Amino acid sequence: MNHWYQKTIHEVEQELGTSIETGLSPSEAGQRLARFGPNELIDRGGKSPWKILLEQLTGILTIVLIVAAVISYFLGDVKDFLVILAIVVLNTLLGFSQEYRAEKALAALKKMATPHVRVRRGGHVHEISARDLVPGDVVLLEAGSIVPADGRIVESVNLRIQEAVLTGESEPVEKTTGAISRDNLPVGDRRNCGFMGTLVTYGRGTLLITSTGMQTELGRIAELIQGVTQEPTPMQRRLEQLARTLAVGALIIVVIVFVLGFLRGEELRLLFLTAISMAVAAVPEGLPTVVTIGLALGAQAMLKRNALIRKLPAVETLGSVTVICSDKTGTLTENRMTVTILDVANHRLDLKEEVQNFSPRLRTTEANPGLIKSREVGLLLAAGALCNDALLEEDEQEPGVYHSVGDPTEGALVIAAARAGLWKNELEAALPRVAELPFDSERKRMTTVHRWPAQPAGLSLLEAVPGAGQPLIAFTKGAVDGILEICDRVLVDGQAVALDEAWRDRIRQANNELAQKGMRVLGVAYRLSEQAEVQEKGLVFVGMVAMIDPARPEVYDAVRTAKTAGVRPIMITGDHPLTAISIARELDITRDDRAVTGQELSVMDEATLREVVKTTSVFARVSPEHKLRIVEALQANGEVVAMTGDGVNDAPALKRADIGVAMGITGTDVTKEAAHMVLLDDNFATIVAAVREGRRIYDNIRKFIKYTLGSNIGEIVVMLVAPFLGMPLPLLPLQILWINLVTDGLPGLALTVEKAERNVMKRPPYHPREGVFSRGMGRSTLLTGFILGGVSIAVAYWAWMTGQEAWRTMAFTTLTLTQMGNVMALRTGNESVFRSGLFSNRWLIGAVLLTVGLQVLVVYQPFMQGIFETEALTLEQFGVTAAASLLVFAFVELEKALFRRADMRQP
Ligand code: ATP
């Protein structure tokens, strides 16, 4: 059988029943999708509901409980057997529903994380999810894309692909389109094919899809684990360790209780079950899982705010971020570029003044050739539109109104040209492109070579080009400083004159003056040539185009919020230092009037850079590799760094950052793959919102831990102290299980939806190495536990001493209710509950009411009384337990008030 690489493009086209020009029809694509299935690798990451259930049932404590139940049965205690099983079932259901929700949230995130591709179908280019690709689809590739399926390359413009996933070879392969006749060619040598999962590092091209999903080379080795990864987070690891330590402690205490009970002559069977229940109660095995659930639900909440989490630990780290390094264009600004100034030798045109009702969009009726007041201006506009990959498109809703599609910088140029009556499609028809060198952020420019029209008449602007006798003309546009370096002449009144120092100074000055106003300035130059190859030297400078890109309105607030939260925003941009400073000052990112440039960075050693990043907030004209150095310098200073990026070369910096942030709209697949988080709206404010969300989740997990451990400590205190007071076992095994596995669970869950604390963005970030129990939480948890236990044992002792029959039920109820008092108070962190509203978390109120209801049922309902060996409490007795609960509530509130005062006194 012939391989795809051995066939000509035409043969492949025919065999796949498709056309490169128009692609598949949408209906045919739909049918093929049904036949071939979605383009995805069989997912080995996610958990099925069965697996979750199995994991729940095979948890060590569940097994211990089941064993205990079985032993009870053989000891003839059918009731305990049934109740323990019932409790196991309830607990499993609770655990299952939590994990299932978390798993669903993660699966949804994974779906969101699959890249989008540009595909030609029915004659139009559409953006679709890579999952929907089918054999026969025509996919457009550009630098930064991940090849979404296997296919035959049918167009290559300097297309280079890095295929290390398949071949291990990290050097990118230059792609070709012709058939290769050799047999048995290994994957790495099939230069006319593209393979799923490989990275386009340079150029652009078109891929005709031949196989998808598991049929691809990658599918065959099925090695890529894509999407959201799930490693234990630092907090999880710490909690696992904590759980282990506590388990050992708990077991020692269980042994003590057992021995003490034995010495008192308690019934052995009762002691055995008590020991087991206490072990189950005291070992906080659920903590690490709770963190996963908290983080997964957090990730879901963040998605609602346009932040897509790709790596779960990011949710946790986000709260600790101390520095946000952000791109300028599109993240801090709107990326709605509009050309306002055209500047050529001896002439400057302000479009805002020339055009009535100036707006970024263009009506056909507004196109006005009269704007071209000199031939240089005409050439500037035409060159800007030709050296350009953006397109003009008519509005579907509003015929006659045009907008641009593609890179906004280039779109602005296309619109500006059309405003003067130079329509890009007409220009391109007259001067077809024959070669090009694409834009990259290293060179900061782009060049295209065009064939000269056979009859220049009609395009009078080309008369502006002196000496036009050669067959080809190349246009270059890019950063003015760079363009000046490759020019040796400048166009002045129809003459190409030498670009001497005086001219250079004049151009630089004009450039600075425009940049100072916050504008992005591009220089445009041309070069006549004989051959269709790109040479970026010896050019003739034509002029400059300046465009405005307003700051995003929501960023002003976001910057302020970040600063009060102890998070420093830093701007890192490829743009001109003056443009950068102007925008940074406007947004209050800096008050300096100088930016550090990439050139300065290049000659700095690490030690100097570490000092510089302490105070510098604006870096301009930087290349992607500088970003990596900046991240490293910041990290060496102990900062926790979030770093944004969109280009192919940003990936290493994003990987290195504590939180790599990719742009969802303008970002390339490669950066998204490397990132921990993707901004679906490319907005700086979204990063700040995510930081806030991260802090909220971290706080809530801390609250959960405090709540759970408080209860555990309380019970242990009760069980441990009672024998020393000469009392019999104060809680029965089933009561202990009930408290831990049922009444504790619901309110605990509701804590994960607790709103952010009011001061969440007014306090400094937690350092990642700062333990969960930092800032007084460890002490406070212990103290609360002791108070809970102390109050409960006091109530029990008093009732026991005064000979009340129901003393055990009182101990039992006091423990449950004091926990409710605890949760109602601790839910708002250090702020008073009364300030944020007693009823502000409806879920928690519901959970508490339900729990109290269940407790009342267990205490008063005869059947339940039989099972839990409880006795109905008199109103007075119940009143005492409720008062104990209020006492605990008051205590926690008081502790918070004292903490707040101490906090205020801190410098
Ligand atoms: P950031 O997004 O990091 O703030 P940026 O997007 O402004 O930076 P780049 O896109 O790398 O940075 O652009 C850097 C410079 O390259 C710009 O200031 C501009 O002079 C030039 N430039 C940008 N886009 C193009 C383009 N399409 N063609 C030619 N030159 C360009």
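**View 1. The whole protein chain.** The accessible surface of the protein chain comes to about 38500 Å², by the Shrake-Rupley method with a 1.4 Å probe. Carbon and sulfur atoms hold 57% of that surface. This is a predicted model, in which local features need pLDDT of at least 70, side-chain atom pairs count only at pLDDT 80 or more, and totals for chains, interfaces and linings use all residues. Residues are numbered from 1 along each chain as its sequence is written, and side-chain values use heavy atoms, without hydrogens or water. Of the 907 residues, 56% count as buried (under 20% relative accessible area, 1.4 Å probe, protein chains only).

**View 2. Helix 14, residues 408-419.** Helices are DSSP runs of H or I, at least four residues, numbered from the N terminus. Twelve of the twelve residues of helix 14 are buried, among them Glu410 and Arg419. At 1.5 Å a residue (times one less than the number of residues), helix 14 should span 16 Å; its end C-alpha atoms are 16 Å apart, so the two agree. Gly421 follows helix 14, with a positive phi near 85°.

**View 3. The largest nonpolar core.** This core has 89 residues (buried Ala, Val, Leu, Ile, Met, Phe, Trp, Tyr and Cys joined through side-chain atoms within 4.5 Å). Its largest share, twelve residues, comes from helix 25 (residues 684-724). Val321 is one of the residues with the most contacts inside the core. Leaving out residues up to four places away in sequence, Val321 touches Val567, Val640, Ala642, Ile659, Val691 and Pro765 (heavy atoms within 4.5 Å).

Note on methods
Helices (H or I, at least four residues) and strands (E, at least two) are DSSP runs, numbered from the N terminus. Buried means under 20% relative accessible area, exposed over 50%, partly exposed in between (1.4 Å probe, protein chains only).
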